[in-house]
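Dear colleague,

Please find below the structure that I am handing over to you. My findings follow directly after it.

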Amino acid sequence: MNKNESYEEFIKGIWRDNPVFVQVLGMCPMLAVTNSAVNAIAMGMATLFVLVGSSFLVSSFRNLIPKQVRISCFIIIIATFVTIADYTLLALVPKVHKELGAFIPLIVANCLILGRQEAFASRYPTRLAVLDALGMASGFMLALFSLGSVREILGDGALFGVKLFGENYEPWVIMILPPGGFLTLGVILLFFNWFKFKKDEFLEDVAAAERSGN
Amino acid sequence: MNTDSRKESTSPSSLRLVLTLAIAGLVSGIAIIGIYESTLPTITANKARELREAVFKVLPGVTQMQPLVYRDSQLVVVEKANKDEPVIYGGYDAQGDFVGYAMPAAGPGFQDTIAILYGYKPEEQIVVGMEVLESRETPGLGDKIYKDAAFVGGFSALSVKPEIVAVKKGTKSLPNEIDAITGATISSKAVVRIINEAHIAWVEQLPAPGSEPPFVLAEPAGNGAGQ
Amino acid sequence: MDNLLWIFISALLVNNFVLTYFLGLCPFLGVSNSLETSARLGLATTFVMLVTAVCAWILNTYVLIHAPYLRLICFIVVIASTVQFIEMLIKKLSPALFRAMGIFLPLITTNCAILGLAIFATNRGYGFWEGIVYALGAGIGFTLALVLLAGLREESELSNIPQLIKGTAMNLIIAGILSMAFMGFAGLFSTA
């Protein structure tokens, strides 16, 4: 198997096809659980577990699942993994589970996971499907973490609970409240747009230079 | 590298569809039941420990507790309350003597519902402790109902006669008054209102001071004694 | 137990499903470019929520006591079936409405707001009437948020907006401001 190909499948989920920033999928749980970095990472781990597990099973059984009932099967598989994740979190880290609350079962409705099964895992061999899942989940976790840390730093003056700015910092409380979620994600997407805009501009300049140069 | 492996040339039979779903459901069910059973002991123990800690916090001097419900016109000890049955907790010291009740209560706060546990001594008719179990109040303002030590401390000897009143900070003068939190008046008053309403709901059902249910429940496993 | 009016107003305004709990964002950002479709989708969602709330209560009271771990799967099955059933019903009763609703009906199935409603109602131990009132408040609140954003988007079509911010980025920032506005509803029921 081509090493570069595998790498490509993994890496695409992190930046180029980042599920949150580029594909704008999986938003529902995202904004609600990113009021602190710890919550963001916990949700990212849970989603990673569900996505990789589901992709693995769906890809392994892709020849056995008839087309007509595939969505139902995907949902059954995803729901099973989510339930497992829910109970495991409740048993191991009840405090984190309390913070994330009802949003762990809501991972089931995360369009990212179902979307990946339909678009990729059900069509490709297991190894590639798992790599794709890992990449997408990592990209998702990256997005969650960037959102969570920005909101926590601005809204609480802390990261992972560690105070950063000392006693005199007046926290920008709105950041850890719902509007902060919308605004932060909106601004981050703005940056992505700007970045893409600049890149297109640059490529155009290069193309124009080549045309006029020769 | 697209290996489309869905080689259905003819539509599969209904039996095949149903069978696939049934098998998927069965395996899923087994997996879920498995994880449920294996995590149940830990989850139950966690919940019990959290409750004990909260009860011991709101009733200083208590080392043992048991659940109490109101049945057949009296307060009785139960192992486990029925669903939806209101339950309070009797707190007892190491000698098994009654200290006070730990009463759960909930009600609308500023943003959303606040759930608390408060300790109550019926003989002196005072609240001796308050612990916020759940709240979604505004961070930095309303969340001071559990972060502000002075506010929480104000519940350590609060008379409920005729009812608890939250007053402007610094103006507390009577035993049934408590200083509200500056900038979080509504959340503070909500906590007070929740306790007042819970007290009214329960006061008729509490036995006369001195005749509370004795401590009978054996210690749950994990403290050495058997069930 | 919370009283019914508090539950209704809380779900509708103070703790709006979209603007406070971030549920139902997919249709919120994806479908809110037209006032009319937003209103229709909101109405359909409210109806599905009502049915789901009732079914969830029935399940919780009679079935899931014995098997709490099956809760998630049961809820999903109920929601998917309800949407399927409503689709068939609308098709039969009013083919015109069915054509107008088009693709939105199946979209309701993956709407996290409905699953969220079922889970929240379960966690808070809502009974039959509380569940109904909660679903009404949540559904109308969802419709309200959708209609507000749709109206704003329609207006913004007529303005000169820089290319950079157009699209989801702008919608999110508008949503953030809407969410801030809705924060003003907190304390609506307090007895100060």
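Which residues have the most contacts inside the largest nonpolar core? The model is a predicted one, and in it this core has 121 residues. Those with the most contacts inside the core are C28(A), I78(A), L106(A) and V108(A), together with L115(C), L117(C) and A145(C). Helix α8 of chain C, which covers residues 128–157, supplies the largest share of the core, namely 13 residues.

Turning to chain C as a whole, I note 9 helices and 0 strands. The order of elements from the N terminus is accordingly written α-α-α-α-α-α-α-α-α. The C-alpha trace of chain C spans about 60 × 50 × 25 Å along its principal axes. A compact globule with 192 residues would have a radius of gyration near 16 Å, and the 17 Å of chain C therefore agrees with that expectation. Of the 192 residues in chain C, 49% are buried. As regards contacts in chain C between residues at least 6 apart in sequence, 81% of them join residues at least 24 apart.

How many of the 6 residues of strand β3 of chain B are buried? The count is 5, so this strand, residues 87–92, is largely enclosed by the rest of the structure.

The pairing of β3(B) is as follows:

- With strand β1 of chain B (residues 64–71), β3(B) pairs in the antiparallel sense over 6 bridges. Here Y89(B) is the bridge partner of P67(B).
- With strand β4 of chain B (residues 98–108), β3(B) pairs in the antiparallel sense over 4 bridges. Here Y101(B) is the bridge partner of G90(B).

β3(B) and β4(B) also form a hairpin, with 5 residues between the two strands. In the turn, G96(B) has a positive phi of about 90°. When viewing these strands, please bear in mind that side chains in a regular strand alternate between the two faces of the sheet.

Yours sincerely

Terms used. Residues numbered from 1 in each chain as written. Chains lettered and ligands numbered in written order. Predicted model: local features only at pLDDT ≥ 70, side-chain atom pairs only at ≥ 80, totals over all residues. Buried ≥ 20, exposed ≤ 12 C-beta atoms within 10 Å, placed from the backbone. Pairing = 2+ DSSP bridges. Rg over C-alpha atoms; globule rule 2.2 N^0.38 Å. Contact = placed C-beta atoms within 7 Å. Core = buried A, V, L, I, M, F, W, Y, C linked by C-beta atoms within 7 Å.
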